[in-house]
Amino acid sequence: MQKYDKHSDCQFLSIFVITMKPTNYSMKELSAMYFPHSSIRSAGVQLKRWFVYNKPLMQALVDAGYYNGQKILTPKQVTLVFEYLGEP
């Protein structure tokens, strides 16, 4: 007797992948997305630490106009963060 597998008869037509739209994000917003269980302050410190330790990301951000103390990231900079760190 053959075991019935309800998934064997299913046809998957397409897979939808939800991606974050690159837009302007404040450092507070972005750090809160990456560290949702941390305070805003510690999340910001940790995200900046990730920037500094990830040399290729930091160089790409600087090339895209990032400067130390910047409060709002441009869509290009947000795209770079997603590219190097993955989406939150």
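Residue S26 is placed in strand β1 (residues 25–26); strands (E, at least two residues) and helices (H or I, at least four) are DSSP runs numbered from the N terminus. The structure is a predicted model, in which local features need pLDDT of at least 70, side-chain atom pairs count only at pLDDT 80 or more, and totals for chains, interfaces and linings use all residues. Residues are numbered from 1 along each chain as its sequence is written, and side-chain values use heavy atoms, with hydrogens and water left out.

With a relative accessibility of 16%, S26 counts as buried (buried means under 20% relative accessible area, exposed over 50%, and partly exposed in between, with a 1.4 Å probe and protein chains only). When residues up to four places away in sequence are not counted, S26 touches K71 and I72, contact being heavy atoms within 4.5 Å.

Helix α2 comprises 14 residues, 40–53. From its first C-alpha to its last, α2 reaches 20 Å, close to the expected 20 Å (1.5 Å times one less than the number of residues). Its buried residues are A43, G44, L47 and F51. Viewed down the axis of α2, these buried residues fall within an arc of 100°, and therefore line one face of the helix; the arc is that of the directions from the helix axis to the C-beta atoms. On the other side of α2, R41 and Y53 are exposed. The cover over the buried residues of α2 includes α1 (27–34), α3 (55–63), β2 (72–73) and α4 (75–85).

The largest pocket holds about 230 Å³ of space. A pocket is an open set of points on a 1 Å grid over the protein atoms alone, where a 1.4 Å probe fits, with protein on both sides within 12 Å along at least five of seven lines; lining residues have an atom within 4 Å of a point. The volume is the space filled by probe spheres set on the points. Among the lining residues are S26, K71, R41 and G44. Helix α2 contributes the largest share of the lining, 5 residues, and α1 and α2 each supply at least two. The lining divides into 3 nonpolar, 5 polar and 4 charged residues.

Residue V62 is found in helix α3 and, at 40% relative accessibility, counts as partly exposed. The C-alpha atoms of V62 and Q77 are separated by 9.0 Å, the two residues being 15 residues apart along the chain.

Notes:
Nonpolar A, V, L, I, M, F, W, Y, C, P; charged D, E, K, R; others polar.
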